[in-house]
Amino acid sequence: MFTAMIIDDERIVREGIRELIDWEKAGFRLGSDGKDGRGGLANILRENPDLVLVDIKMPGLTGIEVIREARQQGFAGHFIILTGFSEFEYARAALAMGVEGYLLKPIDEEELLEYVGKIRDSLEKARSQEEYHSQNENRARQELFRRMVLKEGKLKELEAEAEKYHLAMEGEVFCIAICREEEEGKKENLHEKVKLLTEGDSACIETFPIEDQVILVGCSIEYDKWKERLEKRNKRVESYFGTGLKIAIGNNVRKWQEIFCSYESARYLMAQAFLFDQEDILTIDLICGLTGRGETVTMEWLEMLIEVGDADGIKKAMGLFRDYCTWNLLAEPEIKLLLVQNMVQLYMRLNQKYTSSSLDNESLQRILGQLMAACDMKQLLERYEQALVEVGQKIGMAGGNIIRRVYYYMEKNFDKDLKLEGIARIFNYNSAYLGKLFRREMGENFNNALDMIRIKNARRLLQETDFKVYQISEMVGYSSIDYFYLKFKKYVGTSPKEYRKTLV
C-alpha cells in the first residue's frame, strides 16, 4: 500500500477527490490533507507520501513553489497538478520539474484513475527492483541485530559482520523498543503499523520480527526523547488503523556489545503490559514512579462485602487489588491464578453458609472461564467485580444474611435520615417482618441499634476532632441538638460537652 496526499485550499475540492475513487482499491492510503501551500509543504516533508495532488493557486505558497521547495529538500515522490483552465500554462511549466501530469478541474474520475494507476505501476516496479537488490542485505542486517539482542554468536564474529555492513557502532547510544498489537497474540496489521510508526524516523536504524513482536533498534537518541517521538507517531498509527501499538522501550546502553541489556529490559517491561493496560508506551519510569499500597485484599473482607451486598465496597476492593498487583509487579498468570483461587474459595465458604443459594458448580466454571479469558487488567477486574456482585445477589435471594446486611447498611449510612420502612423497601422486605427479625437477631429494636451506632460515632468525633457539638450532632444524623443531648446522656451517662472535658 502506497500513500497519497491532497493539497488544495478549497475543502470541497479535497473532500471531492477523496470520495471520487476508491483509493485503497487503487493501491493508496490517503494521509493528511494540506489546506494551503505552507501547510501542505510541511505535511509532505513530515509524512513523505508517494504521491501528492497539489493545486496551482493557493495562499502562502503556490503549487509550483511547493513542488520546487519539496524537491530542494530531497522529496522524491510523485506530483500531479490540479489546475483550472486559466492556469493551464503554469501546469505545463511544472512538467519540467518532474510532475507526472495535470488534471483540469472539475476532476474526471477516469482520468484520475488512469494517472493513479500509472504512478502505482511505476512505484511497484521501482519497489520490486529495490527489494531485489536490497532484500538479501536487509535480511543479513536484521539477522545480525537479532543475534546481537539475543546474545548469540561470538563477539568477534559480530564485530566482523557489523564492519561488513558499515554499521557505525562506536561512540553511539543504543536503545531497543519492542512493538506488538494492543491485544496480545494479534498481528494482522502489525508490520504495516510498525512501518508507519518508524517511517522517516532517523533514530530507528533497523526493525526485525521476533515471534509476534517487532524489535526496533534506536541509535543516537536517549530513550526518554525516543519515547516522546514514538508517542506522537503512535497516535498517527491509531488514527489510521483505529488501534495503536503497545510499545516497551528498554534502557540506553553506550556500547553495542551491551545492546542485549536494553532488549532484556524492554522484554521485562512488555511482560508487565497486562498490568499497565492503560499505558501505550512502557518505560522504566512507570516502575520507578509506582505509588499506592502493597496490601492485599483479604478473603474475609471480600466475603463480608459479598454477604452484605456492598457493590460500592466491592468496587473499592478492586481498586486496592489493582494497587497490590501493580506494587508487587505481578505477571498476568499470577494475577489470574490468584483471582481464580479466591473465587473458588469464596464459593466453597459461602456454599457452606448458604446451602439454599444457587452457587452451583456450573456458574463457578463459567466465571473462572471468563476470568482466564480476560485480555487486560481492566477487563479482568470488571469481570471479577461483576462476579462478586452476582454472588452477593444470589445469597441475598437465598436469605439468611438479611439482618447482617441491614446492620452493615446502618453502619455506613448512620448520618442519613434512616427509617425502618425505607430500609425495608431497599431490601424488598415487609417492614413489620423485618423489624421482628432485627430484634430477634440483634437483641435490640431497629431505632435503639441505630442510636447506639450514632452515639458510638459521636464519641469518636468528640475524641478525634475539634468540631462543635451541634456540628457533630448533624454529622451523626440528629437534626435536633436537644434530642442528640438526650440520646448521648442515655447511652454515655453524661452530656457531650462534659464527655469531651473528661478527655483532656
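Over the face of which residue does Arg454 lie, and at what distance from the ring centre? In this predicted model, Arg454 lies over the face of Tyr478, at 5.3 Å from the ring centre.

## Charges over rings

A pair of aromatic rings is described by the distance of the centres and the angle of the planes. The count of aromatic pairs in the model comes to 10. One of them joins Phe2 and Phe28, whose rings are 5.9 Å apart from centre to centre with 45° between the planes, a tilted arrangement. This pair links distant parts of the chain, since Phe2 belongs to strand β1 (residues 2–7) and Phe28 to strand β2 (residues 28–30), the two residues being 26 residues apart.

Buried means under 20% relative accessible area. Phe2 has a relative accessible area of 4% and is therefore buried, and Phe28, with a relative accessible area of 0%, is buried as well.

## An edge-to-face pair

For Phe438 and Phe446 the ring centres are 5.9 Å apart and the planes stand at 70°, so this pair is edge-to-face; the angle that counts as edge-to-face is over 60 degrees. Phe438 and Phe446 are both buried.

Methods
Residues numbered from 1 in each chain as written. Predicted model: local features only at pLDDT ≥ 70, side-chain atom pairs only at ≥ 80, totals over all residues. Heavy atoms only, no water. Phe/Tyr/Trp six-rings, centres within 6.5 Å; stacked < 30°, edge-to-face > 60°. Helix = DSSP H or I, 4+ residues; strand = E, 2+ residues; numbered from the N terminus. Buried < 20%, exposed > 50% of the residue type's maximum accessible area, 1.4 Å probe, protein only. Lys NZ or Arg CZ within 6 Å of the ring centre and 35° of its normal.
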